[in-house]
Amino acid sequence: GELGQAVYPAEGGRVTDATILFRDALQAVYGPLDWLPEPDGAIHRFRVPEDKPGSLNGWYVLYLDGIASGAFGSWKAGGASTWCSREPVDAREAAQIRERVDQARRQREAEQHRRQQQAAEKANRWWRNARRASPDHPYLVAKAVRSYGLRQRGTDLLIPLYLDGRLVNLQRIGPDGDKHFLFGGRIKGTYSPLGIIEPGSVLCICEGWATAASLHQHGGYVVADAMNAGNLIPAAMALRARYPGQPIVIAGDDDRLTDGNPGRAAANAAAAAVGGQVAFPEWPEGAPEDLTDFNDLANWKLAHVQA
């Protein structure tokens with residue numbers, strides 16, 4: 001996300017008040033905070049009140065010299081806001097604030113890069129040391145899919161996420177289906193592949209690993225799992241850049257019970273972005289409304305053929 005709208009308090013505060021005014025700006029976005037920001041021009045992390053305990057997804061940077069100014073945001077939500085203690089009075093002050101905003105953006109990008117680098121190293125270490133996934137893992141059994149190339153660490157399935165052919169992150173899936181990425185790891189534009197991409201063969205891109213495994217298992221498709229609806233466009237664009245001539249089909253989720261059907265909207269947008277086709281599950285007569293993806297469809301059909 002780009003640095004968003006500047007936030008000015010109603011009254012221009014003196015420098016001594018700047019820290020409190022800056023905290024007010026943070027609280028306007030994140031709700032009550034029981035600490036005062038450090039005005040030292042370095043990037044600091046904090047827990048966003050809604051996020052889970054122990055997480056530090058919020059970040060801020062505050063400068064006090066000249067016009068007090070700063071920037072803040074959340075790694076998880078993306079984007080950022082800039083803040084000033086008052087309107088700049090002349091071009092020199094305005095230029096100084098622009099320079100500050102640039103500096104904050106560079107600091108944020110460097111910090112994000114560092115976090116992604118650490119996560120990638122951890123992903124490679126965990127992946128190297130993990131054993132082959134057990135075909136009896138409760139998640140695989142529940143979804144009725146094979147383990148393919150997945151690995152396992154403790155009771156967690158490990159799903160590898162690639163960017164430009166490099167392993168950069170892992171999604172962990174617990175026995176209960178709980179999903180987590182590595183802290184600070186890159187997600188945007190990454191994907192987990194199933195099958196070998198051959199020239200001219202259709203490449204399917206979908207939202208989740210179980211859906212990918214179903215498409216691969218029952219349809220013989222080569223599939224890239226983009227992890228979630230929000231990453232369908234970035235992953236599809238990355239794959240399009242890597243395989244310019246490949247026919248792409250976005251195998252979308254059909255979130256029929258969710259307002260605005262985000263699965264359909266995301267799949268249509270991703271197909272448009274890369275000049276691909278789009279496919280959704282075709283629900284048979286009597287299939288319940290809460291089924292959404294190709295894995296649900298495959299398992300419903302299986303149950304009803306056997307019944």
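**Figure 1. Glu289 and its salt bridge with Arg256 in the predicted model.** In this predicted model, Glu289 is partly exposed, with a relative accessible area of 47%. Glu289 forms a salt bridge with Arg256, and the closest N and O atoms of the two side chains are 3.6 Å apart. The pair links distant parts of the chain, since the two residues are 33 residues apart. Arg256 sits in the loop between strand 14 and helix 6 (262-274). Glu289 sits in the loop between strand 15 (277-279) and helix 7. Arg256 is also partly exposed, with a relative accessible area of 24%.

**Figure 2. The salt bridge between Asp156 and Arg172.** The side chains of Asp156 and Arg172 meet at an N to O distance of 3.3 Å. This pair, too, links distant parts of the chain: Asp156 belongs to strand 8 (residues 156-163) and Arg172 to strand 9, 16 residues apart. Asp156 has a relative accessible area of 22% and is partly exposed. Arg172 is partly exposed as well, at 21% relative accessibility. Both values can be read against the cut-off for a buried residue, which is under 20%.

Figure 3. Glu99 and Arg106 form a salt bridge in which the closest N and O atoms are 3.2 Å apart. Glu99 is partly exposed, with a relative accessible area of 41%. Arg106 is partly exposed too, with a relative accessible area of 42%. A network of salt bridges links Arg45, Glu111 and Arg114. The structure as a whole holds 11 salt bridges.

Figure 4. The structure holds 0 disulfides. A disulfide would need the two sulfur atoms to be within 2.5 Å. Seen from the other residue, the closest cysteine sulfur to Cys206 is that of Cys204, also at 7.7 Å. Cys204 is buried, with a relative accessible area of 4%. Cys206 is buried as well, at 0% relative accessibility.

**Figure 5. The largest pocket and its lining.** The largest pocket holds about 1300 Å³ of space. Its lining is made up of 38 residues, and those closest to the centre of the pocket are Trp75, Gln112, Gly184, Gly185 and Ile187. Helix 2 (91-129), strand 9 (166-173) and strand 10 (179-181) each supply at least two residues of this lining. Helix 2 gives the largest share, 8 residues. How many residues of the lining are nonpolar, polar and charged? There are 12 nonpolar, 16 polar and 10 charged residues.

**Figure 6. The second largest pocket and its lining.** The second largest pocket has a volume of about 230 Å³. It is lined by 13 residues, and Leu215, His218, Gly219, Tyr221 and Phe294 lie nearest its centre. Two or more residues of the lining come from each of helix 4 (209-219), strand 14 (248-251) and helix 7 (294-306). By class, this lining has 9 nonpolar, 3 polar and 1 charged residues.

Definitions and conventions
Residues numbered from 1 in each chain as written. Predicted model: local features only at pLDDT ≥ 70, side-chain atom pairs only at ≥ 80, totals over all residues. Heavy atoms only, no water. 1 Å grid on protein atoms, 1.4 Å probe; cavity = no way out; pocket = protein on both sides within 12 Å on 5 of 7 lines; lining within 4 Å. Points joined across faces, edges and corners; volume = space filled by probe spheres on them. Helix = DSSP H or I, 4+ residues; strand = E, 2+ residues; numbered from the N terminus. Nonpolar A, V, L, I, M, F, W, Y, C, P; charged D, E, K, R; others polar. Salt bridge = Lys/Arg side-chain N within 4 Å of Asp/Glu carboxyl O. Buried < 20%, exposed > 50% of the residue type's maximum accessible area, 1.4 Å probe, protein only.
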